[in-house]
Amino acid sequence: MSSSAAIHIVSPAEFDSGTAQTPGSERRAAIAPALGIPSAIWGGLFEVLPGSQTGIHHHGEQETIAYVLSGLCEIRWGERGQSVARAKAGDFIHVPAFLPHMEINPSTQEPFRWVVVRSTATPIVVNLPDDTWP
C-alpha cells in the first residue's frame, strides 16, 4: 500500500466547470487530475436546463456511465439520431465509446442532473456539427 494514497472529499463549491463542454449543457468535474486528484477515471455532474438540449457529440474512446439524480431526459443517438430513449431519476445510463448522441430536457419546469463517470481521467468531448443529423 502506498503511503501517499488518500481519500479525497470534493464539495460542490470545489467542482470545476472548466472541463470540456457541449453547447446546451454544463459539466462540472468533481474527480479529475485538474483538481489534484490522481485517478484513472473522471467523475462529475452534468446538467441540462428546462427546455434545452445539447449539441450532437460523442466521447471518443471513453465509455460513460451516468446516474440520473433528478428530472427527465430524452437521449437520441445513432448515425442519424434515429434511436430515442427516456431516463428518469434513479435510472443508470451507459453510453458506449464513439456513439454520437444528444440529450434533451422535455420539461419546461426543472433541469435534469446526472452523476457521470468516464472511463479515462480526462473527459473527451467531440462536438459535431448541428447538421450531422436531419
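Trainee: Is Thr19 buried or exposed?

Mentor: Relative accessible area decides that, and under 20% counts as buried. Thr19 has a relative accessible area of 13%, so it is buried. Keep in mind that this is a predicted model.

Trainee: Where is the place of Thr19 relative to strand E1?

Mentor: Thr19 sits in the segment before strand E1, which spans 26–31.

Trainee: Which residues does Thr19 touch, leaving aside those up to four places away in sequence?

Mentor: Contact means heavy atoms within 4.5 Å. On that basis the partners of Thr19 are Arg27, Arg28, Ala29, Trp42 and Pro123, with residues up to four places away in sequence not counted.

Trainee: How many helices and strands does the chain have?

Mentor: There are ten strands and zero helices. The order along the sequence is β-β-β-β-β-β-β-β-β-β.

Trainee: What does the radius of gyration say about the chain?

Mentor: The idea is to compare the value with that of a compact globule with 134 residues, which would be near 14 Å; the chain has 15 Å, which agrees. Along the principal axes, the C-alpha atoms fill a box of roughly 55 × 30 × 25 Å.

Trainee: What share of the 134 residues counts as buried?

Mentor: For the chain as a whole, 40% of the 134 residues are buried. Its accessible surface is about 7400 Å², and carbon and sulfur atoms account for 58% of that.

Trainee: What share of the contacts comes from residues 24 or more positions apart?

Mentor: Among contacts with a separation of 6 or more, 69% are between residues 24 or more positions apart. A pair can also be examined by its C-alpha atoms: Ser39 and Thr122 are 83 residues apart in sequence, with their C-alpha atoms 9.4 Å apart in space. Ser39 belongs to the loop between E1 and E2. With 26% relative accessibility, Ser39 is partly exposed. Not counting residues up to four places away in sequence, Ser39 touches Ile31 and Ala121.

Trainee: How many positive and negative side chains does the chain have?

Mentor: The count is 8 positive and 13 negative, and the centres of the two sets are 5 Å apart.

Trainee: How many salt bridges does a search of the whole structure find?

Mentor: The criterion is a side-chain nitrogen of Lys or Arg within 4 Å of a carboxyl oxygen of Asp or Glu. The search finds five salt bridges. In one of them, Glu26 meets Arg28 at 3.0 Å, N to O. Glu26 is partly exposed, at 33% relative accessible area. Arg28 also forms a salt bridge with Glu47, with the closest N and O atoms 3.6 Å apart. Glu47 is in strand E2 (residues 42–48) and Arg28 in strand E1, so this pair ties together parts 19 residues apart in sequence. Glu47 is buried, at 13% relative accessible area.

Trainee: Which residues are linked with Glu26, Arg28 and Glu47 in a network of salt bridges?

Mentor: Arg113 joins Glu26, Arg28 and Glu47 in that network.

Trainee: How far apart are the closest N and O atoms of Glu74 and Arg86?

Mentor: They are 3.5 Å apart, and the two residues form a salt bridge. Glu74 lies in strand E5 (residues 72–77) and Arg86 in strand E6 (residues 83–88), so the bridge ties together parts that are twelve residues apart in sequence. Glu74 is buried, with 19% relative accessible area, whereas Arg86, at 52% relative accessibility, counts as exposed.

Notes
Residues numbered from 1 in each chain as written. Predicted model: local features only at pLDDT ≥ 70, side-chain atom pairs only at ≥ 80, totals over all residues. Heavy atoms only, no water. Helix = DSSP H or I, 4+ residues; strand = E, 2+ residues; numbered from the N terminus. Rg over C-alpha atoms; globule rule 2.2 N^0.38 Å. Buried < 20%, exposed > 50% of the residue type's maximum accessible area, 1.4 Å probe, protein only. Areas by Shrake-Rupley, 256 points an atom, 1.4 Å probe, with all protein chains shown as cover. Lys, Arg positive; Asp, Glu negative; His and termini not counted. Charge placed at Lys NZ, Arg CZ, Asp CG, Glu CD.
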